[in-house]
Amino acid sequence: MTTTVADQLLERLREWKVSEVFAYPGDGINGILAAFGKAENDPRFIQARHEEMCAFEAVGYAKFTGRLGVCMATSGPGAIHLLNGLYDAKLDHVPVVAIVGQTNRSAMGGSYQQEVDLHTLFKDVSAYVETVTVPEQLPNVLDRAIRTSLGQHAPTTVIVHADVQELEYTPPTHEFKMVPSSLGHLSTPVVVPDDKSIAAAAELLNSGQKVAMLVGAGAVGAREQVEQVADVLGAGVAKALLGKDVLSDELGYVTGSIGLLGTRPSYEMMRDCDTLLTVGSSFPYTQFMPEFGQARAVQIDSDPSFIGMRYPYEINLVGDARATLEALLPLLERKHDRNWRTTIESNVAEWWQTMAAEAMVDADPINPMRLFSELSPRLPDNAIVTADSGSAANWYARQLRLRGNMRGSLSGNLATMGPGVPYGIGAKFGHPDRPVVVFEGDGAMQMNGLAELITISRYWQEWEDPRLVVAVLHNDDLNQVTWEMRAMGAAPKFAESQTLPRVDYAAFAADLGLYALPVEDPDEVGSAWDRALSSDRPTVLDFHVDPNVPPIPPHTTFDQALSTAESLIKGDEDRWSVIKEGLKTKAQELLPHSSS
Ligand SMILES: Cc1ncc(C[n+]2csc(CCOP(=O)(O)OP(=O)(O)O)c2C)c(N)n1
Ligand SMILES: [Mg+2]
């Protein structure tokens, strides 16, 4: 039997240890589909409902495994559908390879059916894009796409004409104009800044009295070193949204998230510090960082194109987070005055008390924060959590407490709606033995999540641990935007744009054979989590949450938070007095030692 280009493409993916391809068929990739059949589905063709979901699944898979994610789509419309997921990969620096079909070579340039200029289409999103036009090109184009993606943490695209997929594969020869390629082990350099720069950074950090640290996704492999540096410097550590799983929220000096979705202790730490050390983060909101001239600052980042931005850093260390912190540690002097650290710890303790109390404020019917506060202590140590863009991202950032080996992520920089459920699916294929929890707004469910429940229903029985819990924040509203508009100019809700049609999410899930539970009673939130986390199959929890629970700005004190909430529920005195009384009672029950 002859080996076609498509056969060789799959062989090469196997050699790169790719075990799943998140894909959707079409005649632009028929040759590859036939090859999957011949190869007895190795790598596995995982069929989503939509190519955007294929790309999100590849991103989720890559984010939670650290390995390459691969997605595939047909020419024209399929290729176009991939784009949003690939942009998510680009903006969050995730290695994903897209394999895309193209019409036959003979039709190119003829405005043929489904012919789209794929090079132009994928150029902006891909760190490397190339079309395979003859068999000898295949190994180099594919290997280079994979190496570039892994090396630059970026999406890349391989386009293969439909007729080329079916050609007999002939490898590149030892001749002029041939580009052979090697598979070889991909060693990645561990970059450490020069001694002089390390010494200068240490001197700066040693001279400060009040050190704040900011960590992002780039510090995920440097947990131990971040903890040691924070300890020596007596620093507090704020976490950018994508760095939420870098450090445990049980550490008293971890101030939690920062920025628009951030916590008050993070805000205060940045407001009052005299020194800043940023590790592996390009957190975008300068206004949440120290005032200019207030703090001397050092940044560590592995990517020279992302260093030195957002804040006037005095020292920019291009290097691997772990190796650079290890090089710094012996030069750092232990801060003997621990007052700064103690203040941060007491702010953090107070913050968590406030969060607990806020989650217990009565609402109509369920306070969305309670979903998160009830889940935190119940989360298994090895859980993976994702959240969609929407109000869920706020509560994920502020309320959820990660610990142990938990992982968590969301669409950080693109902040696109719709990746929650497909990220969860990608996580399950990457870690079939770990429980996964997805928080998703009802708008995002209607956009993508409902359709991808069908994908879950197809594959869940293959997962060693079948627990994949999708928690729907059912508020019949595009709530995040409703609140943004209110905050902008106290604009009233524009129902035409904001109100969602009602859907029975639990009924939809039950129809697919998933475990499904509508939850309308706040006192049943905890038991709903218990039931979902002990279920023998994936679960949809349809939580009926209150769209009127106001977001609390991070820089407020507890009393200010109360008055902000009061002003946001303008004019509705009855409702406000109910909320206030409810809050006081619950706070007293929960927090006998709290002054609030
Ligand atoms: C693809 C896309 N479209 C629109 C937006 C703007 N947007 C951000 S959050 C949001 C509302 C999300 O509503 P829902 O999923 O119901 O969550 P909720 O905020 O109500 O909890 C919108 C429209 C976006 N981020 N991405
Ligand atoms: Mg909603």
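1. Basis of the model. Residues are numbered from 1 along each chain as its sequence is written, chains are lettered from A and ligands numbered from 1 in the order in which they are written, and side-chain values use heavy atoms, with hydrogens and water left out. Because the model is predicted, local features need pLDDT of at least 70 and side-chain atom pairs count only at pLDDT 80 or more, whereas totals for chains, interfaces and linings use all residues.

2. Confidence. The average pLDDT (the predictor's confidence in each residue, from 0 to 100) of the chain is 93, and 92% of the residues score at least 70. Residues 554-561 stay under 50, and the model gives them 19 contacts (heavy atoms within 4.5 Å) beyond four places in sequence. The pLDDT is also below 50 over residues 586-596, a stretch with 11 contacts beyond near neighbours in sequence.

3. Helix packing. Helices (H or I, at least four residues) and strands (E, at least two) are DSSP runs, numbered from the N terminus. Helix α15 (residues 420-430) packs with helix α16 (residues 442-459) at an angle of about 25°, and their axes are 8 Å apart. Axes are lines fitted to C-alpha atoms, for helices over the stretch in contact, and angles run from 0 to 180 degrees between N-to-C directions. The two helices, α15 and α16, are therefore roughly parallel to each other (angles under 35 degrees; over 145 is roughly antiparallel, 65 to 115 roughly perpendicular and the rest oblique). From α15, the contact involves Val421, Pro422, Ile425 and Phe429; from α16, it involves Met445, Gly449, Glu452, Thr455, Ile456 and Tyr459. By class, the residues of this contact are seven nonpolar, two polar and one charged. Here Ala, Val, Leu, Ile, Met, Phe, Trp, Tyr, Cys and Pro count as nonpolar, Asp, Glu, Lys and Arg as charged, and the others, Gly among them, as polar.

4. The second largest pocket. On a 1 Å grid over the protein atoms alone, a cavity is a set of points where a 1.4 Å probe fits but cannot get out, and a pocket is an open set with protein on both sides within 12 Å along at least five of seven lines; lining residues have an atom within 4 Å of a point. Grid points are joined across faces, edges and corners, and a volume is the space filled by probe spheres set on the points. The second largest pocket has a volume of about 300 Å³. Of its 15 lining residues, Ala356, Ser373, Ser376, Pro377 and Arg401 lie nearest its centre. Helix α12 (339-359) and helix α13 (368-375) each supply at least two lining residues, and α12 gives the most, with four.

5. Cavities. There are five cavities of 30 Å³ or more. The second largest cavity holds about 50 Å³ of space. Its lining includes Lys239, Asp249, Trp352 and Arg398, and β9 (254-257) and α14 (391-398) are the elements that give two or more residues to it.

6. Backbone geometry. A cis peptide bond joins aspartate 42 and proline 43, with omega about 0°; proline 43 lies in the loop between α2 (30-38) and β2 (44-47). Another cis peptide bond joins aspartate 364 and proline 365, with omega about -10°, and proline 365 lies in the loop between α12 and α13. Histidine 93 has a positive phi, near 60°.
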